Amino acid sequence: IMANHKSALKRARQNAKRRLRNRNLKSTYKSEIKSFITLINENKIDEAKTSLPHLHKTIDKAQTKGVMPKNTASRYKSNLTIRLNRVLSQA
């Protein structure tokens, strides 16, 4: 850490802690999106239907914590829901 002042040292510690937390949240929602899309591609529609609310909750949490912007979160949720509904309408 390059910081010299007491406040700068504290800020560096906070930034490191937040960076790890943000990375963890981002990794979590990206993994869940990938698994959701995999479920849709494998025609496991019932599992995908039950996992969608949990996925929305994860995306909302990332948005609340400031990991992603509000409109991005809305777009992700909308696109994933549309994707599921498209498969449901074909069945």
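Contact here means heavy atoms within 4.5 Å, and everything below comes from a predicted model.

**View 1. Helix 1 against helix 2.** Here's where helix 1 (residues 6-41) runs alongside helix 2: their axes come within 10 Å and cross at roughly 160°. Angles over 145 degrees count as roughly antiparallel, so that is what this pair of helices is. The crossing of helix 1 past helix 2 is left-handed. On the helix 1 side, look for Leu 25, Tyr 29, Ile 33 and Phe 36, among others; across from them, helix 2 brings residues including Ala 48, Leu 52, Leu 55 and Ile 59. Sorted by class, this contact holds 11 nonpolar, 4 polar and 3 charged residues.

**View 2. Helix 2 against helix 3.** Next up are helix 2 (residues 45-64) and helix 3 (residues 70-90), with axes that come within 9 Å and cross at roughly 175°. That makes helix 2 roughly antiparallel to helix 3.

**View 3. A tyrosine pair, Tyr 29 and Tyr 76.** The count of aromatic pairs comes to 1. Ring centres of Tyr 29 and Tyr 76 sit 6.1 Å apart with planes at 75°, so the pair is edge-to-face. Tyr 29 belongs to helix 1 and Tyr 76 to helix 3, so the pair ties together parts 47 residues apart in sequence. Tyr 29 is buried, at 4% relative accessible area, whereas Tyr 76 counts as partly exposed at 27%.

How values were computed: Residues are numbered from 1 along each chain as its sequence is written. This is a predicted model: local features need pLDDT of at least 70, side-chain atom pairs count only at pLDDT 80 or more; totals for chains, interfaces and linings use all residues. Side-chain values use heavy atoms; hydrogens and water are left out. Axes are lines fitted to C-alpha atoms, for helices over the stretch in contact, and angles run from 0 to 180 degrees between N-to-C directions. Helices (H or I, at least four residues) and strands (E, at least two) are DSSP runs, numbered from the N terminus. Angles under 35 degrees count as roughly parallel, over 145 as roughly antiparallel, 65 to 115 as roughly perpendicular and the rest as oblique. A crossing is left-handed if the near helix is turned anticlockwise from the far one by less than a right angle, and right-handed if clockwise. Ala, Val, Leu, Ile, Met, Phe, Trp, Tyr, Cys and Pro count as nonpolar, Asp, Glu, Lys and Arg as charged, and the others, Gly among them, as polar. Rings of Phe, Tyr and Trp (its six-membered ring) pair if their centres lie within 6.5 Å; planes under 30 degrees apart count as stacked, over 60 as edge-to-face and the rest as tilted. Buried means under 20% relative accessible area, exposed over 50%, partly exposed in between (1.4 Å probe, protein chains only).
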